Amino acid sequence: MGSSSQGSAAVAAARVDLCALDLMPVFAKEMIAGGVAGAFSKTAIAPLERVKILLQTRTNEFGSLGVLKSLKKVRQHDGFMGFYKGNGASVLRIVPYAALHFMAYERYRCWILNNCPSLGTGPLVDLLAGSASGGTAVLCTYPLDLARTKLAFQVNSSDQLSRSLKRACPLPTYGGILDVFRGVYSEGGMRALYRGVGPTLMGILPYAGLKFYIYEGLKAHVPEDYKNSVTLKLSCGAAAGLFGQTLTYPLDVVRRQMQVQSQQQHEQFGGTRITGTLQGLMTIKQTQGWRQLFAGLSLNYIKVVPSVAIGFTAYDTIKHLLRIPPREKKRSGHGPA
């Protein structure tokens, strides 16, 4: 009798949980799925992301070392936790960024299907929705990306070259995310917190669009029996990340260099200051060589494969666990939910 009562109570509790989950708005579930997927993928590749930023920005110290030697140097000077310096800001940024990115993609896609019938229901919808959602997410979270870059840019160097560079060209030292915000804001106000947002948008709009375009396009050609395969999703995500990053990588280099340059350096030592996307591309090519526009690209290939693949796969998996309805494939007779 007792066991029967306990069983009934368990079933009732399960039904309550089921009802609570079903009552949660779809957009909230999409944000949860996107945020968790973003945090998981970003933490997995944090050491490679740190080295990539150093290769892009600290050309005198890391430009000639390559990936493996750079990893060793970071470990030597900053210890194991040095691989994750700036990762707190990165995760703090990527959770709202990924949440907004995936949720906005679903909402924009639904809106396009219901309001722009001339565009059809094919990959073009994914391209436009992905681009718009990427731009929306960037504008909402860019100051956190700026903080992540400045924290990752710092290295506790002890070799003679690094000490001489610090004496000749002193750089601000930041103790955390809030410290970065205070320092950057005091330097140039709110405008300074969005330094480099132009190249970011120019890079993210095509990249985000291509990423969804390729991923959803590849999945659409997969037989139904294999659509839930984790290996297949990882492969589609990897292909999407590789192709999208290759086309937009120079813009990422311009963005990083704009983020780490400071007004203090410019006033003390002169030199050309990067103020815009096209001007930045030309300046880097003339002063550092065209190869610098692709500095760290090989490392980016290594990190993009697991990052995008894990992100898309985790998002699809969490969507399934949260019982989010299947994505709409065609126009409905009413507006988006």
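1. Of the 13 residues that line the second largest cavity, Ala46, Glu49, Lys85, Gly86 and Asn87 are nearest its centre. A cavity here is a set of points, on a 1 Å grid over the protein atoms alone, where a 1.4 Å probe fits but cannot get out, and a lining residue has an atom within 4 Å of a point. Two or more residues of this lining come from each of α3, α6 and α7, and α3 gives the most, with 4 residues. Helices are DSSP runs (H or I, at least four residues) numbered from the N terminus.

2. A word on the model before going further. This is a predicted model, in which local features need pLDDT of at least 70 and side-chain atom pairs count only at pLDDT 80 or more, while totals for chains, interfaces and linings use all residues. Residues are numbered from 1 along each chain as its sequence is written, and side-chain values use heavy atoms, with hydrogens and water left out.

3. The second largest cavity holds about 70 Å³ of space; a volume is the space filled by probe spheres set on the grid points, which are joined across faces, edges and corners. Its lining has 5 nonpolar, 3 polar and 5 charged residues. In this scheme Ala, Val, Leu, Ile, Met, Phe, Trp, Tyr, Cys and Pro are nonpolar, Asp, Glu, Lys and Arg are charged, and the others, Gly among them, are polar.

4. Do have a look at the other cavity too.

5. The largest share, 7 residues, is from α14. By class, this lining counts 14 nonpolar, 11 polar and 11 charged residues.

6. Asp145 sits in helix α7 (residues 123-153). Asp145 counts as buried because its relative accessibility is 1%, where buried means under 20%, exposed over 50% and partly exposed in between, for a 1.4 Å probe and protein chains only. Beyond its neighbours within four places in sequence, Asp145 contacts Arg93, Arg255, Arg256 and Gln259 (heavy atoms within 4.5 Å).

7. Finally, a backbone point. Arg323, in the segment after α14 (297-321), has a phi near 55°, a positive value in a non-glycine residue. Most residues other than glycine have a negative phi. Arg323 is partly exposed, at 40% relative accessibility.

Conventions
On a 1 Å grid over the protein atoms alone, a cavity is a set of points where a 1.4 Å probe fits but cannot get out, and a pocket is an open set with protein on both sides within 12 Å along at least five of seven lines; lining residues have an atom within 4 Å of a point.
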